[in-house]
Amino acid sequence: FAIYAQNEAIAAYTRALELSKEITISSEQLHPLYTYRGRAMELTGQFEQALKNYDEMLTTARECKDRRMELDAQVAASTLYSTPTAVMDPEKGRALSEETLKLAQELGDQSIECRVLWNLLLANLHGGKIDQAIAYGERSLSLARALNMREQIPYTLTDLGRAYNVTGRFEEGEARLIEAAGLWRELGNMTMLNDNLNTLLLNLVWSGRYEKALGVARES
């Protein structure tokens, strides 16, 4: 997974989950297997399979009575519904996120609450409700900073940049995208850095800064 060999990662996680049915294994051990297999499926465009993975994760979590794992499965599914994928359904994503937001708040789990707020940013952005998207995004960003969620911060920043771009608030969008790019470089996540740079490129073209846009395009 770490070196972007996603198909090999999927095979390894699938075999591990098969073996887990033959031995006693805790939900804490199962949790990352489902999470990383689902993410690897997403990164290879296998969105239907990813949803099936998260559905299996949800069923397993309920059998184990693991509320954190249950919430993570629902959050992962709502992210897929809220982003431009073959299974995108912003209304379904928003409804599921509103449901999981209440559960996260009941459990007092602010890290999941932060991710759900990010999903609500995505669902509203792709559902054409930009003001609501920005409001949810800024709440997610504030919470991510308070909790020092180093991976979540650039995800939220990048999608806030997209939302500000759509409204023509290019300076605010650029500031968030540049900050996110720096964090993706620090984390070594080249896939997300490239995605971020392409969004920044649009920001610069739309605001007429073509020389700077060319530099970003070359890096991308």
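So, overall size: for 220 residues a compact globule would have a radius of gyration near 17 Å, and the protein chain comes out at 18 Å, which agrees. That radius is over C-alpha atoms, with the globule rule being 2.2 Å times the number of residues to the power 0.38. Keep in mind this is a predicted model, where local features need pLDDT of at least 70 and side-chain atom pairs count only at pLDDT 80 or more, while totals for chains, interfaces and linings use all residues. Numbering runs from 1 along each chain as its sequence is written, and side-chain values use heavy atoms, leaving out hydrogens and water.

Along the principal axes, the C-alpha trace spans about 60 × 35 × 30 Å. What's it built from? Eleven helices and zero strands, taking helices as DSSP runs of H or I, at least four residues, and strands as E runs, at least two, numbered from the N terminus.

Now α6, residues 110-126. In α6, 13 of the 17 residues are buried, so the helix is largely enclosed by the rest of the structure. Buried means under 20% relative accessible area, exposed over 50%, partly exposed in between, with a 1.4 Å probe and protein chains only. After α6 comes glycine 128, with a positive phi near 80 degrees.

Last stop, aspartate 55, in helix α3, residues 47-64. At 48% relative accessibility, aspartate 55 counts as partly exposed.
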